[in-house]
Amino acid sequence: MTSTPESVKKLLYSEDFGDRIRGINELRNLSPDDAFELIIPVIADDNVRVRYAAVSQLDTLGGADLAKSKEVLLDRLYNDPESDVRAAAADAIAGLKMTEAYPDLEKVYNSTDDWLIQFSIVAALGELGDSRGFLLLEKALNSDNALLQTASISALGELGDHRAIDLLLPFVDNDDWQIRHRLAQALGRLGGEKAQGALQKLTNDKSDAVAEEAKNYVTDNG
């Protein structure tokens, strides 16, 4: 059965939250303008799974009206009672390249102790690509949370700021192979003589996965 605005709207306003989630998934079959108009009311749904699905969809649908998308995403980022919805809002903000919302991401990061929200903001900063995120990523890199450190290493690689290399070099000897694996990827993205020296060392890493990853970038960069 072909999805229409009317059939999807019926699902979205169903009392069954499973129908509402199915309706959110079917928004992909509509025009961007129709899908955007229908998804906005659902972002305030009473069911957390529905809100999460709706906020996540704004990553692709939000381009139809960036101003309205920013408004609703910031509302969820600040005010949603569930951490995963707030995290999804941070992801969508980055996916839509809303660099003007960077101060809000920074404010929320610094005002919460919720690791999931902090993790999503750190991971989002690489995709957002705003150079103002460098200092926040440095802060996350120096945290006691290995997940935040791992996300920060990846984001610094994506951000492409060569100041990150000196911050990342000490992680060559980190005990966690997953951190060293992300490090190889980040250094490979950043490039340069210092990064190549660290990558050469990582080609002899005790973890085969890390060594192989490092070899890819050493070869690519000659």
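What follows is a conversation about the labels and the rules behind them.

Mentor: Before anything else, keep in mind that this is a predicted model, in which local features need pLDDT of at least 70, side-chain atom pairs count only at pLDDT 80 or more, and totals for chains, interfaces and linings use all residues. Residues are numbered from 1 along each chain as its sequence is written, and side-chain values use heavy atoms, with hydrogens and water left out.

Trainee: How many helices and strands does the protein chain have, and what makes a stretch count as one?

Mentor: Helices (H or I, at least four residues) and strands (E, at least two) are DSSP runs, numbered from the N terminus. By that rule the protein chain has 14 helices and 0 strands, and the C-alpha atoms fill a box of roughly 60 × 40 × 25 Å along the principal axes.

Trainee: What share of the residues of the protein chain counts as buried, and what does the word require?

Mentor: Buried means under 20% relative accessible area, exposed means over 50%, and partly exposed lies in between, with a 1.4 Å probe and protein chains only. Of the 222 residues of the protein chain, 51% count as buried.

Trainee: Why is Ala 54 called buried?

Mentor: Ala 54 has 0% relative accessibility, which is under the limit of 20%, so Ala 54 counts as buried. Ala 54 is placed in helix 4, which covers residues 48–61, and, leaving aside residues up to four places away in sequence, Ala 54 touches Ile 24, Ile 39, Val 42 and Ile 43, where contact means heavy atoms within 4.5 Å. Val 42 is 12 residues from Ala 54 in sequence, and their C-alpha atoms are 6.4 Å apart in space.

Trainee: What makes the pair Asp 19 and Arg 22 a salt bridge?

Mentor: A salt bridge is a side-chain nitrogen of Lys or Arg within 4 Å of a carboxyl oxygen of Asp or Glu. The N to O distance between Asp 19 and Arg 22 is 3.7 Å, so the pair meets the rule. Both residues lie in helix 2 (residues 17–26), 3 residues apart, about one turn of the helix. Asp 19, at 24% relative accessibility, counts as partly exposed, and so does Arg 22, at 42%.

Trainee: How do you know that Glu 71 and Lys 68 form a salt bridge?

Mentor: Their closest N and O atoms are 3.3 Å apart, within the 4 Å of the rule, so the pair qualifies. Glu 71 and Lys 68 both lie in helix 5 (residues 66–79), 3 residues apart. Glu 71 has a relative accessible area of 48% and is therefore partly exposed, and Lys 68, with 28%, is partly exposed as well.

Trainee: What are the labels of Arg 132 and Asp 130, buried or partly exposed?

Mentor: Asp 130 counts as buried because its relative accessibility is 10%, whereas Arg 132 is partly exposed, with 42%. Their side chains meet in a salt bridge of 2.7 Å, N to O. Elsewhere, salt bridges that share partners join Arg 51, Asp 75, Arg 76 and Asp 80 into one network. By this rule the count comes to 13 salt bridges.

Trainee: What is noted about the phi of Lys 97?

Mentor: Lys 97 has a positive phi of about 55° although it is not a glycine. Lys 97 sits in the loop between helix 6 (83–95) and helix 7 (102–111), and with a relative accessible area of 47% Lys 97 is partly exposed.
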